[in-house]
Amino acid sequence: MSIHQVVAPANQDDSSLRALPQRVYRALFRSPAIPRTELDRSQSVSANFFFHIHSAKVQERTLKFRTTMGLGLLSLFTFAILVVTGVLLMFYYVPAPEQAYQRMLDLRGAVVFGGFLRALHRWSAHAMVALVLLHLCRVFLTGAHKAPREFNWVIGVFLLLITLFLSFTGYLLPWDQLAYWAITVGTSIASYAPVVGQQIRFMLLGDDAVGREALLRFYVLHVAVLPGLLTTLVGVHFWRIRKDGGLARPRLPPPEVFVPGTKPVAQSPDAPAHDRFPLKPGKTYGLMCLVPARSPNTETEQEKTVQSWPAALSRELLLFLLLLAALCLVAIYFHAPLEEPANPLHPPNPAKAPWYFLGLQEMVSYSAFWGGIGIPGLLVLLALVAPFLERKKGGEGVWMDHSRAAANWTFLILMGVLGFLTLIGSVFRGENWALMVPW
Amino acid sequence: MTTTTHHPGAIESPERRHFFGWLTGGALAVYAASTAALSFLFLRPRVTYGPPTRVPIGKPEAFASGNQVVFPEAKLVVRRQDSRFAAISTVCTHLGCIVNPSDTGFDCPCHGSTYDDRGQVTGGPAPRGLAWYRIVQLPNGELVVDKHDVVEADTFLELRA
C-alpha cells in the first residue's frame, strides 16, 4: 500500500457511489489502516490527533525498559482508568451525608459491576500515587530533571501534589469512618499553616467541621476542578518532553561545530547542546539552523531511531493492557474497603490516614506544625528548586551516575526516611497511636 | 527600544507605546486580581449549616455534684461541683479528633495526646489544653453553653442557691 491509495489517483472516478466508503474513510483518516511504507507509518503518527504526541520516530533507547520502566506512561494510563471508572461511578453517587454511604452499599449490592468498578477505582487511585512517586524517583535518579528539563520537573512536582490532593478529596466521598476522620485530621493539619491556616481550612470545609458542605466541596474538587487541572498540566508535561529534546540521554562527545556565517571552531563541552551544530550533519536541519534562537535539543550525530508506529505504540498498548489486567485482577479479588458509616462523635482508634499520608501522620504525631506543614513544605520547596541547584552538567539519562552521587544519595536517604516513617505509621502504630509490635 | 516603522503620519513615540503597553497589562492584571478576589468571596460561605454553637444543656438540677456528663453531639463535657458548672471541649487541640474521658483526664485516640482532669496537656503532640466554654443561665433556669466563647481554664458558672 502506498501514498497513492491515500491521495486518490486522478483517473479514478471519485464521484461514483462505489468509491463512497473509501471517501468516507479518507475523510476520517489521512493514512491507511495498516501502514506498510515508512512514509505511511510516519503519517499514521503525525496525522493522528491522539498519536501525534509522539514524533514520527523515537530514540531506540527510549523504548528500552530500563530507560524509564514505563512509569510515566503507566501513571497516565492509571489516570485514564480512573477517569473512566470515576465517571461511571458518578452516575450512582450522591454527595450528601444522608445518602453517600448508602450509595456505597448500593454499588456493592444493587448495581451490576458496581462493586467491581468501585474497587477498580480505589485500587487504581493507590496505584497512581505509587506510580507517580516511582516516576519521580526514576526521573531524579537518571538526572532527567536537569537542564534543559527543569521546568518539566517543576510541572511534575505539581502533578504529584495534585495527584495526592485528588486522592485526598476522593477519600471523603464514601462517608465512612475512615473518610470522615482522615479528612478531619488532614484539614486540621492545614489549619497549622501560619496566618492563613484557619482560613484555608474554613474555605476547604465550607464550615467549622467536616460536614455537608465539606462533602459537596470535596466532590466538586474531586470530579471537576482537580481532574481538569491535572489533565491540563499532563498535556503541558508531555508537550515539554518533546520540546526539551525527548527523554534525557547521555551526552555524546562534543563534535566539531559549524556556526552559520563563521569558520568552524572547536566547541567547548560546556556549551549547551542546542548551540551545537555538526560540521557534517547526519540529518538535515530546518529553519532552526538559521534563526538565532533556542531550538529543540537535537543530537549532534545521527540518532539511532525507530518508527513510533509500530515500535513505540505497540509497546504502549502492551503496557496499558498489562496494567489494566493487573488492576482488574486486584479489583476482582479485593473489595474496596468500606468501614462503618461516618460517626462524627467517635473517631476510630487508631485513626489512620491513607498509606501515602502515614509518613506525614507519623511526623504530625510529634509536632503538627513541623510534621504537617514545616517539613513537607520544605521538601516540596527542595524538590522545586532541585534542578536549579544541581547546575553541573553530566549524568543525564544514566541511572545513578557517579558524577551525581551526592545528589542521588541525598535523594535516596530522604526517600528512605519518608519510607521508614510511613512503615512505622502503617504497621507499628496501634491504639492511641502507641508504638506496638504487629506480630 | 527603537521603533523602525516609517509609515507616513505614524507617530514615532516609543514612550507612548510603552505607556499603553503597561496600561493594557495593568488593566488586565487588575481585572484578573478582582475576579480572583470576587471568586474568593463567593467561595467563602457566609452561612454555615453545621450544628449550632449555642448548646442548651438543661436545668442545673439534672446534674449531680461531682459528676461529669458527656454531650457527644455538642462535643463537650459538663461538670458540676456543688453549685459551680463548667463545660470542657472534647475536641483534641492537635488535629480535631474526639478525646475520650479516662481515669487520668482525657486521651486522644488519633495521635496519643493526653490531658489531665482540667484539660491541660500531659503528653503527646497537642499544642494547648482543651478549651473551656462559657456557660450562661437563661431566665427560665436552663443552662446554655456558648462554644464561640472560649474562657480560661477553671472558669466556672457559680449559681446562687
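Two strands are said to pair if DSSP finds at least two bridges between them. In this predicted model, such pairing builds an open sheet of four strands in chain B, where the order is β5-β6-β7-β8 and the pairing is antiparallel. Strands β5 (100-101) and β8 (121-123) of chain B stand at the edges of this sheet, and because each has a single partner strand, one side of each is left without a neighbour in the sheet. Strand β6 (residues 106-107) and strand β7 (residues 114-115) of chain B are joined in the antiparallel sense over two bridges, and Asp107(B) has Thr114(B) as its bridge partner in β7(B).

In soluble globular proteins, nonpolar side chains tend to be buried together. The largest nonpolar core in the model has 95 residues, and those with the most contacts inside it are Ala179(A), Val185(A), Ala87(B) and Cys97(B). Helix α7 (residues 114-141) of chain A gives the most to this core, contributing 14 residues. When neighbours within four places in sequence are left aside, Val185(A) is in contact with Ala351(A) and Ala353(A) of chain A, and also with Leu95(B), Gly96(B), Cys97(B) and Cys110(B) of chain B.

A further position considered is Pro310(A), which lies in helix α12 (residues 308-333) of chain A. Pro310(A) has 15 other C-beta atoms within 10 Å and is therefore partly exposed, since a residue counts as buried with 20 or more such atoms and as exposed with 12 or fewer. Although Pro310(A) and Pro35(A) are 275 residues apart along the chain, their C-alpha atoms are separated by 9.4 Å.

Terms used. Residues numbered from 1 in each chain as written. Chains lettered and ligands numbered in written order. Predicted model: local features only at pLDDT ≥ 70, side-chain atom pairs only at ≥ 80, totals over all residues. Core = buried A, V, L, I, M, F, W, Y, C linked by C-beta atoms within 7 Å. Contact = placed C-beta atoms within 7 Å.
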